[in-house]
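This briefing covers part of one structure. Keep the sequence and the 3D view at hand while reading.

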Amino acid sequence: MRVILETKPRKKPKIPIEAEAIIPQNFLLKNDIRVYEGNKERTLDEIFYVTTEGPAVSADQVEIVLSGETGVIKRVGEYMNAGRIVIEGDIGMHCGNFMSAGEIIIRGNADAWLGREMRGGVIRCEGNADHYCGAGYRGEKRGMRGGTIEVLGNAGDFTAEYLSGGEVRIMGDCGDLPGVEMRGGTLIIGGDCHRPCGNMTGGTCMVFGTARALLPTFVNAGSEEREFCGQRVEMNVFRGDVANRGKGTLFVRKK
Amino acid sequence: MAELLIRNAFVIDPLSGIRGEIKDIAIRDGKIVEDTGANAEVIDAQGCLTLPGGIDSHSHVCGTKVNFGRYMSPEDMRAGRTSRKGVMHVTSGYSVPTTFGNSYRYSTMGYTTVLEGAMAPLEARHTHEEFTATPHQDMLANTLFDGNWSVMEAVRDKDVKRAAAVVAWTLAAVKGFAIKLTNPGGTEAWGFGKDVHSIHDTVPHFGVTPAEIIDTMIRANEILNLPHSVHLHCNNLGVPGNYQTTLETIERVPDLHARRQTLYLTHAQFHSYGGSTWKDISSKSEDIARMVNARPQVAIDMGQVMFGRTTTMTADGPMEFKLYMLHQNKWSNHDVELETGSGIIPVFYSRKSLVNCVMWAIGLELALLTRDPWQCMLSTDNPNGAPFIKYPEIIALLMSRRFRDRESELLEPRTGHYVPLFAIDRELDWYEIAVMTRAAQAKALGITSIGKGHLSPGAEADIAIYPLKPQEIDPSAEYKQVMAGFGKTRYTIKRGRVVSRDGEVVVEGANSTIWTKARIPPELDLSSDPEFVKKFEQYYTVRMSNYPVQDVYLPRGVCIGTEASL
């Protein structure tokens, strides 16, 4: 089954839409799906032109396509456990919160908290991601625990904060403090970043660009080769964060 | 004139000496009166249990530390969400709910007055703002003086008058209600990276001991004639073997007040541990209860622990650090300049843990072994022992031996060797429960004179009608019904208005904040004391003129004025 949701023109297009109900398993059960526009509850067809094609017997066969002014839609794919969501443009904050399986593809940019505390599944963002991509919410001790997030553009600050499992792959640059408080999992940064991995206690982070202002609490443990985009790259290996008796590994490109 | 008549109510009103009789209650303009006119609105209580509105004499529901608990626990905020419904705001949270969440849940249980257990004077504004957003309960704020530099200097100089002057100025400035001492001296020592391990240890820099602080503050409190006594959280909270510190503290308390206690010892459960390590922790509730029975000048509250998830928060910074070392989970530590500190960590009390089972038993034992229910109040030190929504379950446990026995089967099997609980047959009756949940609190806080905790003419019309018929049900056997009944009132009436009906909140509500102002001679007024003003400007990060909480923060302030004996 393929569900196409195209946003309708709204009088106040900047009012955010809270759409945690937009997940494949809900469309399978044909529930009366409601979203919030600001503090007003709306049915799905008040906000979207809804087109449904074909049947589905399980949530795995449901594909949701979002298009139009999607940059203000928040929490799409929260607690998603199967199926596929394709977003033709940008997406708002908290996309893929707690998702445990399935696939989300974003053709544009993603706002903050992409894949926050996700447990499994795949998120692929073809544009940039904002702050706290794959992180844990404020006050949470564990961020993403499983699955994969791939961002083809850049990511903001605090990428993969509290990462404790799974893989976050940023092909472009990261902002400040990527992988801070990391406890497990893998963070791969294709471009540059600033102060990576403060307070990390476990996991692996690889920086294939320049790591600026590298923290002094990492101990150099030799060098190794790693492969990135089909190329062999000579990397410095660091262990840390020793300030926290951490046992994480940080790879940084040699030149 | 708004009039309301409650007919056929099975009233228990301990402060008026009513032990359960079918009566009518007449209300006019928010007060209880002798009778009403013919046009009064009538509620037929059908013989249901009708009590004065509940009073919680120790709970943490508002203020910076509660708020920190909220934002350090996103998982807790996800746990108890309710959506907007009628006049009800959206609420969320389980152990540290939003202010409206607290207010609605208390209201549903028939509570109409709540005392916030610890307000840091410097952060009073925030507390008062949250009070305003707790619309269904009249609020009071215990004000922290445990590490107040001016108080400790007065204690060092053995100047009780000076200590009283500091208390009077601070309470009036921050619109606080009473003196709270949390681990006196210990939190200040924690500022130096230390702690005090008995009431005779010296606090670094100041050279005073907790015992001296407690003694001085008790006397200062009585000099000021404050309605409530000193509200003490003893030293060594949660340390195995701490019952000796508690006994030693109680022994020092003089009997200085005719109508109420001289010391309120809060969450006594956390202070009644025997043994020397976590491995051999045992219950010393018998020793504590025996001491309390022998000293009418002391009142305690249970500080009951119930199993499940909760958040602990206290001004006792060093204790929370010890807990953090045990749990290795989240921890927040906070220093309030020149005054106090605090710490917060989330915890899970488990039936599989012997220590937790012993804690659970101690709270119940204290309530059952204290002979006079006026001396032992029901509390969980919300949310430290459990969220207050567990009160009905505690009431059921106290009223039913059968329920306790059934619970005992689920506990860690060795629990019985460490606690005397299962040898106690006492089952509390309706009257004793009414005392422990409202009347004793009103008496202990000294707010009966402003119409709290009783239903005699002239009192505030704060009433809870529970769907329980004491003449028909046997709480010992039908404890489940008791639990459900105390969990959801048929009607909660606040100031003569029905605020909650069958668990549903029906009005927006507007509460009042009760505070105290002691009049002292002008020569002791600290606002014109050059030394105090100089110290203030030198050490505080706020100006003295900006420090007091303005009246605008208390839209419905009720001031209890007292005349100091100076």
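Predicted model: local features only at pLDDT ≥ 70, side-chain atom pairs only at ≥ 80, totals over all residues.

A residue counts as buried if 20 or more other C-beta atoms lie within 10 Å of its own. Two residues are in contact if their C-beta atoms, placed from the backbone, lie within 7 Å.

- Helix H11 of chain B spans residues 317-327, and its buried residues are Gly317(B), Pro318(B), Met319(B), Glu320(B) and Leu323(B).
- The cover over these buried residues of H11(B) includes helix H7 (186-191) together with E15, E16 and E17 of chain B.

- Strands pair through backbone hydrogen bonds, either parallel or antiparallel.
- In chain B, 3 strands make an open sheet in the order E15-E17-E16, with antiparallel pairing.
- Strands E15 (308-314) and E16 (332-336) of chain B are at the edges with a single partner strand each, so one side of each has no neighbour in the sheet.
- On average, neighbouring strands of this sheet are turned by 15 degrees against each other, direction ignored.
- E15(B) is joined to E17 (residues 340-349) of chain B by 7 bridges, and Gly308(B) has Tyr349(B) in E17(B) as its bridge partner.
- Helix H1 (residues 64-72) of chain B lies across E15, E16 and E17 of chain B, at about 45 degrees to E17(B).

**Helices H9 and H10**
- The axes of H9 (residues 243-251) and H10 (residues 285-294) of chain B come within 10 Å and cross at roughly 5 degrees.
- Angles under 35 degrees count as roughly parallel, so H9(B) is roughly parallel to H10(B).
- H9(B) contributes Tyr243(B), Thr246(B), Leu247(B) and Ile250(B) to the contact, and H10(B) contributes Asp287(B), Ile288(B) and Met291(B).
- Of the residues in this contact, 5 are nonpolar, 1 is polar and 1 is charged.

Technical notes:
Residues numbered from 1 in each chain as written. Chains lettered and ligands numbered in written order. Pairing = 2+ DSSP bridges. Helix = DSSP H or I, 4+ residues; strand = E, 2+ residues; numbered from the N terminus. Axes fitted to C-alpha atoms, helices over the stretch in contact; angles between N-to-C directions. Buried ≥ 20, exposed ≤ 12 C-beta atoms within 10 Å, placed from the backbone. Parallel < 35°, antiparallel > 145°, perpendicular 65-115°, else oblique. Nonpolar A, V, L, I, M, F, W, Y, C, P; charged D, E, K, R; others polar.
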